[in-house]
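Work through the exercises below with the sequence and the model open. Each task is followed by a solution in steps.

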Amino acid sequence: MTAGARDWLGLLVWAVLLGPAQAAPECWSALGVAVRVVDGDTFIARLKIWHGLEVTERIRLLGVDTPERKEPTLKRALQAKAFTDRWLGQEPFEVRSCARDSFGRALATVRRGGDDLAEKLLEAGLAAPYRR
């Protein structure tokens, strides 16, 4: 298989797994690195999905909610964002998702080694448990 055909096949696999037209949710996992942290529970990641093929995905941490970036919670929101930014850093992490929210973000667990980012935010007092 040529490199071009392999890349197109990878995109097709990604579209099938994550496409909005699917009837039942499909779980997926990928290694990623952070591109930009939006707030304490949302960030943009570059994910490796297929032999050298990467996609950019908007990730929403599953199971937690961090403060909004408006008064009176602005200070805590900025602390949560800084915590997430430091935790993600530039080191790879594992993203696992089985659903999307109403904004199209992948609802996901994010882990590195034995650590879970959502749990770390809860332990630091920067997030509250959230069930949708």
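The model is predicted.

**Exercise 1. Glutamate 123 and its partner**

Task: Decide whether glutamate 123 is buried or exposed, then find which side chain meets it in a salt bridge.

Solution. 
- Step 1. The relative accessibility of glutamate 123 is 60%. The cut-off for exposed is over 50%, so glutamate 123 counts as exposed.
- Step 2. The side chain of glutamate 123 meets that of lysine 120 in a salt bridge, at 3.6 Å from N to O.
- Step 3. Both residues lie in helix α3 (residues 117-123), where three residues, about one turn of the helix, separate them.
- Step 4. Lysine 120 also forms a salt bridge with aspartate 115, with the closest N and O atoms 3.7 Å apart.
- Step 5. Lysine 120 is partly exposed at 27% relative accessible area, and aspartate 115 is partly exposed at 35%.

**Exercise 2. A salt bridge between strands**

Task: State where arginine 100 and glutamate 57 lie in the chain, and classify each by accessibility.

Solution. 
- Step 1. Arginine 100 and glutamate 57 form a salt bridge whose closest N and O atoms are 2.8 Å apart.
- Step 2. Arginine 100 is in strand β5 and glutamate 57 in strand β3 (residues 53-61). The two are 43 residues apart, and the pair links distant parts of the chain.
- Step 3. Glutamate 57 has 8% relative accessibility. Buried means under 20%, so glutamate 57 is buried.
- Step 4. Arginine 100, at 28%, counts as partly exposed.
- Step 5. The count of salt bridges is eight.

**Exercise 3. The disulfide**

Task: Find which cysteines are joined by a disulfide, and describe the link.

Solution. 
- Step 1. A search of the whole structure gives one disulfide.
- Step 2. The disulfide joins cysteine 27 to cysteine 98, with an S to S distance of 1.9 Å.
- Step 3. The angle about the S-S bond is 115°, and the link of cysteine 27 and cysteine 98 is right-handed.
- Step 4. Cysteine 27 is in the loop between α1 (3-18) and β1 (28-39), while cysteine 98 is in strand β5. The pair, 71 residues apart, links distant parts of the chain.
- Step 5. Both ends are partly exposed: cysteine 27 has a relative accessible area of 37%, and cysteine 98 has 32%.

**Exercise 4. Aromatic rings**

Task: Determine how many aromatic pairs there are, and how the rings of phenylalanine 43 and phenylalanine 93 are arranged.

Solution. 
- Step 1. The count is one aromatic pair.
- Step 2. The ring centres of phenylalanine 43 and phenylalanine 93 are 5.7 Å apart and the planes stand at 85°, so the pair is edge-to-face.
- Step 3. Phenylalanine 43 belongs to strand β2 (residues 42-50) and phenylalanine 93 to strand β5 (residues 93-100), so the pair ties together parts 50 residues apart in sequence.
- Step 4. Phenylalanine 43 is buried, with a relative accessible area of 0%. Phenylalanine 93 is also buried, at 1%.
- Step 5. Two arginines lie over rings. Arginine 60 is over the face of tyrosine 130, at 5.5 Å from the ring centre. Arginine 112 is over the face of tryptophan 87, at 4.8 Å from the ring centre.

**Exercise 5. Proline 67**

Task: Locate proline 67 and list what it is in contact with beyond its neighbours within four places in sequence.

Solution. 
- Step 1. Proline 67 lies in the loop between β4 (64-65) and α2 (74-88).
- Step 2. Its relative accessible area is 22%, so proline 67 is partly exposed.
- Step 3. With neighbours within four places in sequence left aside, proline 67 is in contact with Thr73, Arg76, Ala77, Ala80 and Leu126.
- Step 4. Proline 67 and alanine 77 are 10 residues apart in sequence, and their C-alpha atoms are 4.7 Å apart in space.

**Exercise 6. The whole chain**

Solution. 
- Step 1. Among contacts between residues at least 6 apart in sequence, 58% join residues at least 24 apart.

Key
Residues are numbered from 1 along each chain as its sequence is written. This is a predicted model: local features need pLDDT of at least 70, side-chain atom pairs count only at pLDDT 80 or more; totals for chains, interfaces and linings use all residues. Side-chain values use heavy atoms; hydrogens and water are left out. Buried means under 20% relative accessible area, exposed over 50%, partly exposed in between (1.4 Å probe, protein chains only). Contact means heavy atoms within 4.5 Å. Rings of Phe, Tyr and Trp (its six-membered ring) pair if their centres lie within 6.5 Å; planes under 30 degrees apart count as stacked, over 60 as edge-to-face and the rest as tilted. A charge sits over a ring if NZ of Lys or CZ of Arg is within 6 Å of the ring centre and within 35 degrees of the ring normal. A disulfide is a pair of cysteine sulfur atoms within 2.5 Å. A salt bridge is a side-chain nitrogen of Lys or Arg within 4 Å of a carboxyl oxygen of Asp or Glu.
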